[in-house]
Amino acid sequence: MSFQPFGYKFEIHSPVSSTLLKTRLRARKKGWFYRQAGARGWIVGPFVCLWFRASDRYGPLLVGVLSDDGSGCRIRGRAGSDLNGMAAFVLMLPFLIGLAGLGMAHQEPGAGRFAFIAVIIVLVSPFMLWVAHSNRKDAEPLVRFLRDVADERAGPGRSRPDRVSLPGNLGLFISGEPAPHPLNSDMLYDALLRTGTDEFIVLERSEHDYLQIASRAGKFRIEMRDGSHLRHYLARRVGKATAKRRTANFDFEFEEALGAAFGYATGGDLPKIIAWEKMDMPPPSG
């Protein structure tokens, strides 16, 4: 795996022209100050810049360029946890190194103080670069959103299911906030699509009968409670030995998490790749 402190590359093909794709993007993206998480940003000429939350325009972040290719258009770019912040930091490093050298050459009190700060920043820069590399997949919801818009009405093979109504006794909670009724499959799909790192959705039939899907680093963890805290389970991949507690055993892709969500919401079968591992949960307080 290559070192990617400046995010990871992506390339998406769309069967429509760049002009039509930009129209769709403008229609689908959220306003800059939309309160909940979701892709928002600007589109100028062939350039696209998207971020995820109103409170943070630095990360996660996606930048891309659209170009027509005869069979539609392509979007190429990078997505990461803090692209512009890391770029600014790296551009400042030569200045900070020079400042540290100046402080060492001149024993003036002011220069020495600034040099000390510069040295500290330079020393912690490898750690900052590593954190940016480790968190690059926090931008995955933005890439998923862009791919979903690019593939809109593209034909067979898309992950978005046909729109159907969901049962009236089902509740949908998006990071703790209830979604308005009546619920339908589009609402569930869009809720999962914009679920970012440390966010979650809950499908609830009752207080102790629910499915929870949480996002972490571009993947999803799935939990289910079936009647009480004594019957609380974590999803793992079928065939993965529980003795090998590898993180990947419990991580699922978007389409897999979507299949679990729709299976639970409609009372249908859950994906066959899922096995359930019992979790030890504390009893309810009071």
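Cys 49 is buried, at a relative accessible area of 8%. Here, buried means under 20% relative accessible area, exposed over 50%, and partly exposed in between, with a 1.4 Å probe and protein chains only. Cys 73 is also buried, with a relative accessibility of 0%. The structure contains zero disulfides, a disulfide being a pair of cysteine sulfur atoms within 2.5 Å.

The model is predicted: local features need pLDDT of at least 70, side-chain atom pairs count only at pLDDT 80 or more, and totals for chains, interfaces and linings use all residues. Residues are numbered from 1 along each chain as its sequence is written, and side-chain values use heavy atoms, with hydrogens and water left out.

The protein chain has six helices and 12 strands. These elements are DSSP runs numbered from the N terminus, with helices (H or I) of at least four residues and strands (E) of at least two. Of the 286 residues in the protein chain, 43% are buried. Contact is defined as heavy atoms within 4.5 Å. Among contacts between residues at least 6 apart in sequence, 57% join residues at least 24 apart.

The largest nonpolar core comprises 31 residues. A nonpolar core is a set of buried Ala, Val, Leu, Ile, Met, Phe, Trp, Tyr and Cys residues joined through side-chain atoms within 4.5 Å. The residues with the most contacts inside this core are Leu 172, Leu 188, Leu 192, Leu 203, Ile 213 and Ile 222. Two or more residues each come from β6 (171-174), α5 (185-193), β8 (200-206), β9 (209-216), β10 (219-226) and α6 (254-266). Helix α6 gives the largest share, eight residues. Apart from this core lies another, of 24 residues, including Leu 50, Cys 73, Ala 139 and Val 149.

Leu 188 is part of helix α5. Its relative accessibility is 1%, so Leu 188 counts as buried. Leaving out residues up to four places away in sequence, Leu 188 touches Leu 166, Leu 172, Ile 201, Leu 203, Ala 261, Phe 262 and Ala 265.

Helices α5 and α6 pack at an angle of about 145°, and their axes lie 11 Å apart. Axes are lines fitted to C-alpha atoms, for helices over the stretch in contact, and angles run from 0 to 180 degrees between N-to-C directions. The crossing of α5 past α6 is right-handed. On the α5 side, the contact is made by Ser 185, Leu 188, Tyr 189, Leu 192 and Leu 193. On the α6 side, Phe 254, Ala 257, Leu 258, Ala 261, Phe 262 and Ala 265 take part.

Helix α4 (residues 140-150) is largely enclosed by the rest of the structure, because 10 of its 11 residues are buried. Those buried residues are Glu 140, Pro 141, Leu 142, Val 143, Arg 144, Phe 145, Leu 146, Asp 148, Val 149 and Ala 150.

Phe 47 belongs to strand β3 (residues 47-53). Phe 47 is partly exposed, at 44% relative accessibility. Beyond residues up to four places away in sequence, Phe 47 touches Trp 42, Gly 64 and Val 65. The C-alpha atoms of Phe 47 and Val 65, 18 residues apart along the chain, are separated by 4.7 Å.

Definitions and conventions:
Left-handed = near helix turned anticlockwise from the far one by under 90°.
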